Amino acid sequence: LRDRVSGRIVGYALGSALENHDEEGVSSDPRFGENDAFYLQAMAILPTVQNAVELEHHLLDALRDRLVAAGYLFLSTLIEERMLETGPEWVRRGVVLQQIENYLRSGMSFVYLQVPLRAVNP
């Protein structure tokens, strides 16, 4: 994600097919082996930007559009628990498969989250 004025990179998202990863939670992900889920391995926004939440939304929405176009049905990720309240609505609707308190002794809670990328028909 680049700043439109300065052109500098202010954020990024990194990942690939779920089956390419061995991070915590991946092997027990219910979509593992289905080849229809993308694993978001990392996402970061520069801490110096003033509109970090809006940029996170923009980055996640852009990622979702690309994943849907590529044929993925789900997004799985180990992400800060706060995203359940501050993330885009479609992220907040995700299913928490695991909660990890004090992840890597960071003092922060993370959740292993699985999110459908397309609207579910009733």
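Reply: Serine 109 counts as buried, at 18% relative accessibility; buried means under 20% relative accessible area, exposed over 50%, and partly exposed in between, with a 1.4 Å probe and protein chains only. Before we go further, this is a predicted model, in which local features need pLDDT of at least 70 and side-chain atom pairs count only at pLDDT 80 or more, while totals for chains, interfaces and linings use all residues. Residues are numbered from 1 along each chain as its sequence is written, and side-chain values use heavy atoms, with hydrogens and water left out.

Serine 109 sits in the loop between strand S4 (95-100) and S5. Strands (E, at least two residues) and helices (H or I, at least four) are DSSP runs, numbered from the N terminus. The side chain of serine 109 is joined to that of glutamate 101 by a polar contact of 2.7 Å. Such a contact is a pair of N or O atoms within 3.5 Å; within protein, one must be able to donate a hydrogen and the other to accept it, and residues adjacent in sequence count only if both atoms are side-chain atoms. Setting aside neighbours within four places in sequence, serine 109 is in contact with Glu80, Glu81, Gln99, Ile100, Glu101 and Asn102, where contact means heavy atoms within 4.5 Å.

Two of those partners lead onwards. Let's take Glu80: a network of salt bridges links it with Glu56 and Arg82. A salt bridge here is a side-chain nitrogen of Lys or Arg within 4 Å of a carboxyl oxygen of Asp or Glu. Glutamate 56 and arginine 82 meet at 2.5 Å, N to O. That pair links distant parts of the chain, with glutamate 56 in helix H1 (residues 52-69) and arginine 82 in the loop between strand S3 (74-80) and helix H2 (83-86), 26 residues apart. Glutamate 56 is buried at 7%, whereas arginine 82 is partly exposed at 32%.

Now for Ile100, the other lead. The largest nonpolar core has 16 residues, among which Leu67, Leu75 and Trp90 touch the most other members; a separate second core, of 10 residues, includes Ile100 together with Leu18, Leu78 and Tyr112. A core of this kind is a set of buried Ala, Val, Leu, Ile, Met, Phe, Trp, Tyr and Cys residues joined through side-chain atoms within 4.5 Å.

Leu18 and Tyr112 bring us to another serine. Both are among the contacts of serine 76, beyond its neighbours within four places in sequence. Serine 76 lies in S3 and is buried, with a relative accessible area of 0%. Its side chain makes a polar contact of 2.7 Å with the side chain of aspartate 29.

Leu78 points us to the largest pocket, where it is one of the residues nearest the centre, along with Gln41, Ala42, Met43 and Phe110. A pocket is an open set of points on a 1 Å grid over the protein atoms alone, where a 1.4 Å probe fits, with protein on both sides within 12 Å along at least five of seven lines; lining residues have an atom within 4 Å of a point. This pocket is lined by 17 residues, and S2 gives the most, with seven. Its volume is about 340 Å³, meaning the space filled by probe spheres set on the points, which are joined across faces, edges and corners.
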